Amino acid sequence: MDDLRIDPEEARKLSDAVYVDARNAQAWGEADTKLPGAIRVPANDLSSHLNELPEGKTFVTYCT
């Protein structure tokens with residue numbers, strides 16, 4: 001599957017989306033802003049967290 005990139009306005013229109021914060025531990029810890037309700041899954045550790053993600057949902061991943 002190709003990468004699909006959307007801008008923040010498009011992301012806001014996805015009412016049933018699950019947001020995944022893919023920042024590494026240092027970036028996440030130093031961040032001033034964290035999206036409430038987002039699931040934190042570091043990008044380099046995604047495979048070990050797949051069972052934590054709900055099935056049948058649209059995922060919006062983000063990082064800095």
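The model is predicted, so local features need pLDDT of at least 70 and side-chain atom pairs count only at pLDDT 80 or more, while totals for chains, interfaces and linings use all residues. Residues are numbered from 1 along each chain as its sequence is written, and side-chain values use heavy atoms, with hydrogens and water left out.

**The sheet**

- Three strands form an open sheet in the order S2-S1-S3, with parallel pairing; strands here are DSSP runs of E with at least two residues, helices are runs of H or I with at least four, and both are numbered from the N terminus.
- The edge strands are S2 (39–40) and S3 (59–62), each of which pairs on one side only, where pairing requires that DSSP finds at least two bridges between two strands.
- Strands of a sheet pair through backbone hydrogen bonds, either parallel or antiparallel.
- S1 and S3 pair in the parallel sense over four bridges; Tyr 19 stands opposite Val 60 in S3, and Val 20 has Thr 61 in S3 as its bridge partner.
- S1 and S2 also pair in the parallel sense, over two bridges, and here Asp 21 stands opposite Arg 40 in S2.

- Leaving aside neighbours within four places in sequence, Asp 21 is in contact (heavy atoms within 4.5 Å) with Trp 28, Ala 38, Ile 39, Arg 40, Val 41, Pro 42 and Tyr 62.

**Salt bridges**

- The count comes to two salt bridges, the rule being a side-chain nitrogen of Lys or Arg within 4 Å of a carboxyl oxygen of Asp or Glu.
- In one of them, the side chains of Arg 23 and Asp 21 meet at 2.5 Å, N to O; Arg 23 counts as buried at 6% relative accessibility, and Asp 21 is buried at 2%.
- Glu 9 forms a salt bridge with Arg 12, with the closest N and O atoms 2.6 Å apart; both residues lie in helix H1 (residues 8–12), three residues apart, or about one turn of the helix.
- Glu 9 and Arg 12 are both exposed, whereas Arg 23 is buried and Asp 21 is buried.

How values were computed: Buried means under 20% relative accessible area, exposed over 50%, partly exposed in between (1.4 Å probe, protein chains only).
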